[in-house]
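Please look through the sequence and the model below before reading on.

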Amino acid sequence: MTDQHGTIDSHPLDTETYPPSAEFAAQASLNDSSVYWRAAEDPENYWAQEARKLQWSRPFTETLDWSNPPFAKWFADGTLNVAANCLDRHLAAGLGDRVAIHFEGEPGDTRTITYAELTHEVKRAANMLTSLGVKQGDRVAIYMPMIPEAIVSMLAVARLGAIHSVVFGGFSAESLRARIDDAQAELVITADGGNRKGRVSALKPTVDDALALQNGTELSVKRVLVVQRTGNDISMQEGRDLWWHEEITSYDGEHTAQAFPAENPLFILYTSGTTGRPKGILHTSGGYLTQASSTHRNVFDLKPETDVYWCTADIGWITGHSYVVYGPLANGATQVVYEGTPETPDWGRWWQIIEKYGVTILYTAPTAIRACMKVGRQVPEQHDLSSIRVLGSVGEPINPEAWRWYRDVIGAGTAPIVDTWWQTETGAMMISPLPGLTTLKPGSAQVPLPGISIAVVDDEGNAVDRGQGGLLVVQRPWPSMVRTIWGDPDRFVETYWEKFGDQYFAGDGARLDEDGDIWLLGRVDDVMNVSGHRLSTTEIESALVGHHAVAEAAVVGASDETTGQAVVAFVILKSQQHLLTPEEAEQELRGHVAQAIGAIARPRQVFVVNELPKTRSGKIMRRLLRDAAEGREIGDTTTLADTAVMQTISLRMRSDQ
Ligand code: ATP
Ligand code: MG
């Protein structure tokens with residue numbers, strides 16, 4: 001277990017496996033494993049075939065142009081309209097009456113929107129945006145709650161060949177302005193407010209503040225378009241601000257979509273900033289839509305005629321882009337869109353929505369699953385969830401404990417779980433089981449999707465052996481790959497390509513097990529080095545969550561005089577465990593980790609806390625915990641969902657030491 005090759009010491013977590021049921025496999029669209037080797041033989045041809053399932057105005061003749069790496073071009077001589085692929089195409093196929101969106105507002109208001117209606121709304125919005133001067137290549141910032149107009153806005157921008165930059169509605173005025181400035185957006189689309197946790201969360205006032213900031217840069221924004229959602233009192237600036245519902249009445253639903261080149265930029269999306277200054281990830285049209293739709297179809301075994309799909313992600317994240325907007329709509333799926341939070345008015349809300357709409361495919365994040373586990377299985381058990389047939393997970397490694405709960409309690413002990421690894425930069429899923437084919441292993445994302453080449457390598461870029469850990473790389477270009485960092489191609493090259501040349505460096509650690517399945521071990525920045533052993537945060541956290549008293553855990557490496565780094569753990573106990581004193585919990589859990597993984601991983605300290613610092617997409621910000629554990633000033637907390645949580649943790653730790 002030495003560290004000569006820059007690999008990660010690793011420990012098998014879970015060996016229990018779950019093959020697809022005969023019944024599921026029989027009905028699955030992909031149930032012949034030859035898809036893997038056929039794609040591997042000629043990945044470009046595989047992707048070209050997937051791309052031809054879209055509607056091209058001018059068919060492409062060239063698949064991949066990699067003559068100027070790492071700047072890829074896919075299907076470059078083809079032209080298409082992304083929005084028409086998500087809308088008009090389905091109408092032409094006679095599917096106009098199919099429900100596109102079952103919208104559920106947090107206060108309980110609902111809307112059912114068919115593909116014909118959605119198309120009509122997008123065409124009107126496209127006409128409205130045209131008259132506001134939006135044209136190909138222009139940037140439009142979207143700062144919206146999860147309401148249908150958010151999706152309509154994205155599609156209307158796409159329809160005009162312009163570029164959207166969706167900024168999550170929870171971000172501050174400073175964060176919003178920084179993103180507006182970076183993209184030089186001329187139009188902002190927002191709403192008066194959205195409903196969150198039973199209250200109105202105002203949005204327009206934040207836009208006003210963002211635009212009023214005197215930060216030394218000239219403001220690019222000329223117009224602000226405001227959707228009326230919550231009716232809260234807001235001010236409208238004459239000559240700049242317009243009400244959506246007043247403007248839209250002047251425009252009809254006649255709009256012919258123009259075709260744009262496959263490499264026309266589609267959107268900029270800033271990564272969440274778990275690790276530092278946000279990067280404007282640029283995605284383009286044909287390749288992105290190909291992989292978003294293909295993976296959405298294959299990984300969820302989508303049957304667009306009968307499935308009711310629900311992805312709980314906000315459109316402010318890449319998951320909302322690829323698996324609420326572009327993937328599902330390109331596939332003509334029927335989906336649920338929910339505005340609010342899972343605990344409003346109570347923790348039964350999600351399960352009630354699933355029962356009401358007969359949701360068959362649910363795609364959510366481990367953090368949400370752990371929050372539901374903490375509340376207890378008696379809540380979902382009050383609802384009929386028998387419609388569920390596929391479950392998905394994204395955003396972090398899912399702990400085996402959470403995986404089993406998800407399958408047993410939400411999936412009736414039978415639904416396959418697809419643990420999908422991908423990033424803002426990859427645009428679409430890269431590693432995931434296929435539910436009709438893969439024998440599942442809780443906690444492992446397992447295998448690259450057909451047409452994707454991934455390896456786990458050491459610091460020199462050499463593939464590690466089975467049973468070893470290292471760094472995750474993508475070995476060949478893929479259609480939905482990031483094309484550049486907006487305005488900063490040098491940073492693009494530096495961040496992802498400098499380390500291994502023409503292999504994409506994902507920044508995540510991973511382990512290959514004896515079968516060659518991939519286990520994600522967390523970000524490379526989070527890997528710890530204890531007495532010369534490289535340990536993964538993910539594995540230690542999974543061991544902690546595997547203890548019956550623990551609801552959630554975060555682990556960091558803090559500098560230590562004797563061992564270089566020492567393991568410091570922060571845990572949230574399950575509600576019924578508050579009788580355990582912090583000292584008892586610490587002693588018990590240190591021993592538990594030592595037993596589960598080995599003495600080397602025994603935490604130096606275990607702190608019981610009520611909350612963990614998370615980004616607004618629900619990811620633990622370990623760098624802040626590392627600051628606290630090392631007694632440093634806490635770093636930049638602007639992307640935290642709740643900025644007070646770090647103060648509480650710092651105080652807690654000081655009183656303990
Ligand atoms: P930033 O790059 O700004 O720090 P971020 O990496 O959190 O932010 P995303 O692109 O939303 O932004 O997240 C991608 C990351 O999430 C991956 O690199 C990986 O660390 C983690 N991740 C996503 N899905 C999975 C999964 N199924 N298993 C393990 N990790 C996952
Ligand atoms: Mg990242």
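This is a predicted model: local features need pLDDT of at least 70, side-chain atom pairs count only at pLDDT 80 or more; totals for chains, interfaces and linings use all residues.

Residues are numbered from 1 along each chain as its sequence is written, chains are lettered from A and ligands numbered from 1 in the order in which they are written, and side-chain values use heavy atoms, with hydrogens and water left out.

Two packed helices are described by the angle between their axes and the distance between the axes. Helices (H or I, at least four residues) and strands (E, at least two) are DSSP runs, numbered from the N terminus. Axes are lines fitted to C-alpha atoms, for helices over the stretch in contact, and angles run from 0 to 180 degrees between N-to-C directions.

Start with helix α7 (residues 148–159) and helix α12 (residues 318–330), whose axes come within 11 Å and cross at roughly 60 degrees. The two are therefore oblique to each other (under 35 degrees counts as roughly parallel, over 145 as roughly antiparallel, 65 to 115 as roughly perpendicular and the rest as oblique). On the α7 side, the contact (heavy atoms within 4.5 Å) is made by I151, M154, L155 and A158, and on the α12 side by H321, V324, V325, Y326 and L329. These residues divide into eight nonpolar, one polar and no charged. Here Ala, Val, Leu, Ile, Met, Phe, Trp, Tyr, Cys and Pro count as nonpolar, Asp, Glu, Lys and Arg as charged, and the others, Gly among them, as polar.

Which angle do α3 and α11 make? The axes of α3 (residues 43–51) and α11 (residues 286–299) come within 9 Å and cross at roughly 85 degrees, so these helices are roughly perpendicular to each other. Y46, W47, E50 and A51 of α3 meet T290, Q291, S294, R297 and N298 of α11. This contact divides into three nonpolar, four polar and two charged residues.

Helix α9 (residues 204–212) has K204, T206, V207, D208, A210 and L211 as its buried residues. Buried means under 20% relative accessible area, exposed over 50%, and partly exposed in between (1.4 Å probe, protein chains only). Among the elements that cover the buried residues of α9 are α8 (173–183), β8 (187–191) and β10 (199–202).

Now turn to the loops. E396 sits between β19 (390–394) and α15 (400–410) and is buried, at 14% relative accessible area. Its side chain makes a polar contact with the side chain of R370 (3.3 Å). A polar contact is a pair of N or O atoms within 3.5 Å; within protein, one must be able to donate a hydrogen and the other to accept it, and residues adjacent in sequence count only if both atoms are side-chain atoms.

Some loops hold backbone features. The peptide bond from P69 to P70 is cis, with omega near 5 degrees, and P70 lies in the loop between β1 (64–65) and β2 (73–74). The bond from T344 to P345 is also cis, with omega near 0 degrees. Q184, in the loop between α8 and β8, has phi near 55 degrees, a positive value in a residue other than glycine. Q184 is partly exposed, with a relative accessible area of 36%. A412 has phi near 55 degrees and counts as exposed, at 59% relative accessibility.
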